[in-house]
Amino acid sequence: MLTAGSLIRKRPRSQGGGRLIMWYLKVLWHHDFPEDPVELFSEIGDDRYEVRKVEIYRDGRLEWADESRCTPAIGLGEVPVPPLEEIAQLDEFTPSLISAYDFEQVWRAARGQQH
């Protein structure tokens, strides 16, 4: 069962003091494009910008990005993440909040796959 405590996590800010409250999003992307991901996982700060991200592709490949790493295949969003309700209004997306633990499991799997 998800609780408010499992959906957010306080994390030190890298600059400026204070703490950054994180929340976690999983989005299923319903499409037929083999070159695009089908699952997107994001760690999102209280400013609504992505801090870390994992994308999973149909072939099982995982790509990841964070504030210090991006690739031609994946990068963090350049605009704030829209509210969950706004994402849910689009037929091709099924968004859901996930726990910090669930995000960390996907993050570790993606990082473990790097060469």
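This is a predicted model: local features need pLDDT of at least 70, side-chain atom pairs count only at pLDDT 80 or more; totals for chains, interfaces and linings use all residues.
## Overall fold

The chain contains 3 helices and 6 strands. Followed along the sequence, these elements occur in the pattern α-β-β-β-β-β-α-β-α. Of the 115 residues in the chain, 36% are buried.

Ala109 has a relative accessible area of 42%, so it is classed as partly exposed.

## Aromatic pairs

A pair of aromatic rings is described by two quantities, the distance of the centres and the angle of the planes. Searching the whole structure gives 4 aromatic pairs. In one of them, the ring centres of Trp29 and Phe93 are 5.9 Å apart and the ring planes make an angle of 40 degrees, so this pair is tilted. Planes under 30 degrees apart would count as stacked, and planes over 60 degrees apart as edge-to-face. Trp29 lies in strand β2 (residues 19-29) and Phe93 in strand β6 (residues 93-98), so that the pair links distant parts of the chain, 64 residues apart. Trp29 is partly exposed, because its relative accessibility is 22%.

Phe103 and Trp107 form a stacked pair, with 6.1 Å from centre to centre and 20 degrees between the planes. Both residues lie in helix α3 (residues 100-112); because they are 4 residues apart, about one helical turn separates them. Phe103 is buried, with a relative accessibility of 0%, and Trp107 is also buried, with a value of 6%.

Which residues do ring pairs link into a cluster? The members are Tyr24, Trp64, Phe103 and Trp107. The stacked pair of Phe103 and Trp107 thus belongs to a group that also includes Tyr24 and Trp64.

Trp64 has charged neighbours as well. The charged end of Arg69 sits over the ring of Trp64, at 3.9 Å from the ring centre. Arg111 also lies over the face of Trp64, and here the distance to the ring centre is 4.1 Å.

The side chain of Arg52 makes a polar contact of 2.6 Å with the side chain of Glu43. A further polar contact, of 2.3 Å, joins the side chain of Arg52 to that of Glu104.

Arg48 is placed in the loop between β3 (39-44) and β4 (50-56). The phi angle of Arg48 is near 75 degrees, which is a positive value in a residue other than glycine. Arg48 has a relative accessible area of 28% and is therefore partly exposed.

## The largest pocket

Rolling a probe the size of a water molecule over the atoms shows where empty space is left. The largest pocket in this model has a volume of about 380 Å³. It is lined by 19 residues, and those closest to its centre are Glu50, Lys53, Val81, Pro82 and Ile87.

Which elements supply at least two residues each of the lining of the largest pocket? They are β2, β3, β4 and α2 (84-88). The largest share, 3 residues, comes from β2. Sorted by class, the lining of the largest pocket consists of 12 nonpolar, 3 polar and 4 charged residues.

Terms used:
Residues are numbered from 1 along each chain as its sequence is written. Side-chain values use heavy atoms; hydrogens and water are left out. Rings of Phe, Tyr and Trp (its six-membered ring) pair if their centres lie within 6.5 Å; planes under 30 degrees apart count as stacked, over 60 as edge-to-face and the rest as tilted. Buried means under 20% relative accessible area, exposed over 50%, partly exposed in between (1.4 Å probe, protein chains only). A charge sits over a ring if NZ of Lys or CZ of Arg is within 6 Å of the ring centre and within 35 degrees of the ring normal. A polar contact is a pair of N or O atoms within 3.5 Å; within protein, one must be able to donate a hydrogen and the other to accept it, and residues adjacent in sequence count only if both atoms are side-chain atoms. On a 1 Å grid over the protein atoms alone, a cavity is a set of points where a 1.4 Å probe fits but cannot get out, and a pocket is an open set with protein on both sides within 12 Å along at least five of seven lines; lining residues have an atom within 4 Å of a point. Grid points are joined across faces, edges and corners, and a volume is the space filled by probe spheres set on the points. Ala, Val, Leu, Ile, Met, Phe, Trp, Tyr, Cys and Pro count as nonpolar, Asp, Glu, Lys and Arg as charged, and the others, Gly among them, as polar.
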